[in-house]
Amino acid sequence: MERNLTIRYEEFVSAENLAPAEQKLLNRAIEATAGSYAPYSHFNVGAAVELENGEIISSANQENAAYPSGICAERSALFYAHSKFPDIPVVAIAIAAKSNGRLTETPTYPCGACRQVLHESQQRGGKKIKIIIGSAAKVQVIESVGGLLPFAFDNLPQESEDVKNKKG
Ligand code: THU
């Protein structure tokens with residue numbers, strides 16, 4: 001039997017077309033690029049994570065001379081958000097990147113490792129995480145992590161007390 005997957009996302013020519021809360025989150029991601037430490041790639045990524053309680057945590061990529069020791073903006077922001085607010089679901093993440101001081105022409109999509117971490121953040125919180133990706137030419141809003149990582153690996157015990165408590 002053939003089955004099809006559909007990815008739901010919106011596309012806008014400008015951030016001005018976003019809902020105000022989405023626009024605000026994307027601006028926070030763009031501002032966060034200022035904190036990027038990228039002496040090797042010169043590619044400055046910013047991410048802003050919105051929690052269900054309205055809190056916004058932003059961060060940027062942090063590189064290292066031992067390349068794999070560096071970390072992407074998305075994981076840096078997500079891990080900090082979870083450390084600080086372990087019980088509050090993440091509801092959205094905005095991502096933007098600059099190269100030579102200018103917003104990239106096309107969207108910078110999260111790498112595979114960040115998609116995997118986003119998947120677990122979504123599972124852990126029990127709420128869809130909206131992904132807002134900015135660029136100079138267009139802005140995309142992807143409905144949930146499933147649109148970025150279908151058939152994801154996970155190993156969270158579905159009915160653990162942690163998960164049950166979170167669902168209420
Ligand atoms: N990077 C991110 O921070 N997020 C992404 O979505 C893609 C890549 C970083 C990793 C590295 O510091 C630089 O961008 C170039 O790959």
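Helices and strands here are DSSP runs, numbered from the N terminus. With that convention, I shall describe this model, which is a predicted one.

I begin with backbone geometry. Most residues other than glycine have a negative phi. His 42, although not a glycine, has a positive phi of about 55°. His 42 sits in the loop that runs between α1 (20–32) and β2 (43–51). Is this residue buried or exposed? His 42 is exposed, as its relative accessible area is 51%, and the threshold for that term is over 50%.

A second case is Asn 100, where phi is again positive, near 55°, in a residue other than glycine. Asn 100 belongs to the loop between β4 (90–99) and β5 (102–103). With a relative accessible area of 73%, Asn 100 is exposed.

I turn now to helix α3. Just after α3, Gly 126 adopts a positive phi of about 75°.

The largest nonpolar core contains 22 residues; Val 49, Leu 78, Ile 93, Leu 118 and Ile 131 have the most contacts inside it. Two or more residues each come from β2, α2 (73–84), β4, α3 and β6 (130–133). What does Leu 78 touch, leaving aside residues up to four places away in sequence? Its partners are Val 49, Val 90, Ile 93, Val 117, Leu 118 and Ser 121. A second, separate core has 13 residues, among them Phe 12, Leu 25, Ala 96 and Val 141.

Conventions:
Residues are numbered from 1 along each chain as its sequence is written. This is a predicted model: local features need pLDDT of at least 70, side-chain atom pairs count only at pLDDT 80 or more; totals for chains, interfaces and linings use all residues. Side-chain values use heavy atoms; hydrogens and water are left out. Helices (H or I, at least four residues) and strands (E, at least two) are DSSP runs, numbered from the N terminus. Buried means under 20% relative accessible area, exposed over 50%, partly exposed in between (1.4 Å probe, protein chains only). A nonpolar core is a set of buried Ala, Val, Leu, Ile, Met, Phe, Trp, Tyr and Cys residues joined through side-chain atoms within 4.5 Å. Contact means heavy atoms within 4.5 Å.
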